[in-house]
Amino acid sequence: QLAQERLVKNQYSRSRFKAKVEYFLSTKLFCGECGSLMVGDSGTSHNGRKYNYYKCVNVKHKDGCHKKSVRKEIIEDLVLNEVMNTMFTDDVISEVIDKVIKLQGRENTAIPLLNERLAEVTQRIENLVNAMEMGIVSKSTKEHLDELEAERERIESDILKEQIQRDLLTQDQIEFWLRSMKNLNLTTNDNKRRLVDTFVNSVYLYDDNKAIVSFNCREGASTLTVPVGECSDCARLGEPNWTNPKHDGASDFFVFYPGKPVFGLVVYLYYL
């Protein structure tokens, strides 16, 4: 079942970028009634006006859920406003800095394993060279030596990559990045995507116009009122003691890039 959920999530993650209209909450917005993903969709009214909205997957597939759809710009503006209001206070910035420093202090377990493998391959190369110097030479011996030397080069390259990725950020660099994110121009799609991908863990939407937003690198969640109508002003209801049932509390602010977990700050710092 978990594998199937991941396949569905990946499917709609890829579709986010194929669509002419980008749905920034794809893979993060969930139906509060059945727990399924809510995905981007569109429709045209009787007067020819086109609307973009999020719809529950089970509603889309007529699979028993009756969750109402929500207008794209309303829920996205609601979430973006909450990120800006919540994640960039002095207290939260200090909390994020402390967590980053602690995360950077974690021991790298990959480098010792790579060094161990490098020593093993190097010893095997030396053994083959010694054998060849003693006259024990064949075509397969030379091919095996070539393979081991190529493997040694790959391991040395992997070690170098790990060491580069371990370059540590200073407290000033982290604070500068956070302050820069706070001042992003949210009229651009790229900046909206960066803000959502970095800070939003999940959003659960209910039919009583309630949305629960949980964040990365921050405990608890925000409960918001989804505005009804054309406007996208949000009313803050407070912050209950709530945890996302799909996650074990708030995450350590990791994003996946490229193919492995990398701290969000490290990824985006170099874009500034």
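Reader: What is the relative accessible area of Glu95, and how is Glu95 classed on that basis?

Author: Glu95 has a relative accessible area of 30% and is classed as partly exposed. The classes are buried for under 20%, exposed for over 50% and partly exposed in between, with a 1.4 Å probe and protein chains only; the areas come from the Shrake-Rupley method, and for residues only the protein chains shown count as cover. The model is a predicted one, in which local features need pLDDT of at least 70 and side-chain atom pairs count only at pLDDT 80 or more, while totals for chains, interfaces and linings use all residues. Residues are numbered from 1 along each chain as its sequence is written, and side-chain values use heavy atoms, with hydrogens and water left out.

The partner of Glu95 is Lys99: their side chains form a salt bridge at 3.8 Å, N to O. The term stands for a side-chain nitrogen of Lys or Arg within 4 Å of a carboxyl oxygen of Asp or Glu. Both residues belong to helix 4 and are four residues apart, so about one helical turn separates them. Helices (H or I, at least four residues) and strands (E, at least two) are DSSP runs numbered from the N terminus. Lys99 is partly exposed too, at 24%.

The structure has 12 salt bridges. One of them pairs Arg193 with Glu22 at 2.6 Å, N to O. This pair links distant parts of the chain, 171 residues apart: Arg193 is in helix 8 (residues 189-199), and Glu22 is in the loop between helix 1 (2-18) and strand 1 (29-31). Glu22 counts as buried because its relative accessible area is 13%, and Arg193 counts as buried at 18%.

Arg179 and Asp90 form a salt bridge through their side chains at 3.4 Å, N to O. Arg179 lies in helix 7 (residues 171-182) and Asp90 in helix 4 (residues 90-104), so parts 89 residues apart in sequence are tied together. Asp90 is exposed at 53% relative accessibility, whereas Arg179 is partly exposed at 30%.

A nonpolar core is a set of buried Ala, Val, Leu, Ile, Met, Phe, Trp, Tyr and Cys residues joined through side-chain atoms within 4.5 Å. The largest one holds 41 residues, and Ile75, Val83 and Phe199 touch the most other members. Elements giving two or more residues to this core include helix 4, helix 7, helix 8 and strand 1. Helix 3 supplies the largest share, six residues. A second, separate core has nine residues, among them Leu118, Ile125, Leu128 and Leu145.

Helix 3 is also the place of Glu82. Glu82 counts as buried because its relative accessibility is 1%. Its side chain makes a polar contact with the side chain of Ser222 at 2.8 Å; such a contact is a pair of N or O atoms within 3.5 Å, where, within protein, one must be able to donate a hydrogen and the other to accept it, and residues adjacent in sequence count only if both atoms are side-chain atoms.

Of its 272 residues, 40% are buried.
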